[in-house]
Amino acid sequence: MKKSNQIRPVRQAILWGIISLVAYLALFLNQEFVTHYFAQGGVFAIAVVLTAMAFSFIHGAFASYLLETLGIRPLKKGVH
């Protein structure tokens, strides 16, 4: 069995996991505020898009570091 010599990004996975958790908690604990302003449309529609992009980035970073920490990587074509 081949061992990986790469350092696993455990700290980054934990950091982005905490940031992701805090972001979701902030969203769900303030859902009345968020719903009130995001449902107004107009300029507030930009806030919806920016919030979705922020959550996508935060959750994507966490998922990427988590998978890398667990040693899960995509297969490379042509490498056996």
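These legends describe close-up views of a predicted model.

**View 1. Helix α1 from end to end.** Helix α1 covers residues 10–29, a run of 20 residues. From its first C-alpha to its last, α1 reaches 28 Å. That is close to the 28 Å expected at 1.5 Å a residue.

**View 2. The buried side of α1.** Five names make up the buried set of α1: A13, W16, G17, S20 and A23. These residues cover an arc of only 130° around the axis, which puts them on the same side of α1. An α-helix has 3.6 residues a turn, so residues three or four places apart point the same way. The partner of this buried side is α3 (44–69), against which the buried residues of α1 pack.

**View 3. The opposite face of α1.** Turned away from the buried side of α1 is a face with exposed residues. R11, L21, V22 and L29 are the exposed residues carried there.

View 4. S20 sits in helix α1. Its relative accessible area is 5%. S20 counts as buried because that value is under the 20% cut-off. Which residues does S20 touch, leaving out those up to four places away in sequence? The contacts are I58 and H59.

**View 5. Q12 beside Y65.** Q12 is another residue of helix α1. Q12 is partly exposed, and its relative accessible area is 35%. How far apart in space are the C-alpha atoms of Q12 and Y65? They are 6.5 Å apart, although 53 residues separate Q12 from Y65 in sequence.

**View 6. V48 and Y37.** V48 belongs to helix α3. With a relative accessible area of 35%, V48 is partly exposed. Y37 is eleven residues from V48 along the chain. The C-alpha atoms of V48 and Y37 are separated by 9.3 Å.

View 7. V43, I46, V49, L50 and M53 make a nonpolar surface patch. One of its members, I46, is placed in helix α3. Is I46 buried or exposed? I46 has a relative accessible area of 52%. I46 is therefore exposed, as the cut-off is over 50%.

Methods
Residues numbered from 1 in each chain as written. Predicted model: local features only at pLDDT ≥ 70, side-chain atom pairs only at ≥ 80, totals over all residues. Heavy atoms only, no water. Helix = DSSP H or I, 4+ residues; strand = E, 2+ residues; numbered from the N terminus. Expected span 1.5 Å × (residues − 1). Buried < 20%, exposed > 50% of the residue type's maximum accessible area, 1.4 Å probe, protein only. Arc of directions from axis to C-beta. Contact = heavy atoms within 4.5 Å. Patch = residues over 30% accessible without salt bridge, like charges linked within 9 Å, V, L, I, M, F, W, Y side chains within 5 Å. Areas by Shrake-Rupley, 256 points an atom, 1.4 Å probe, with all protein chains shown as cover. Salt bridge = Lys/Arg side-chain N within 4 Å of Asp/Glu carboxyl O.
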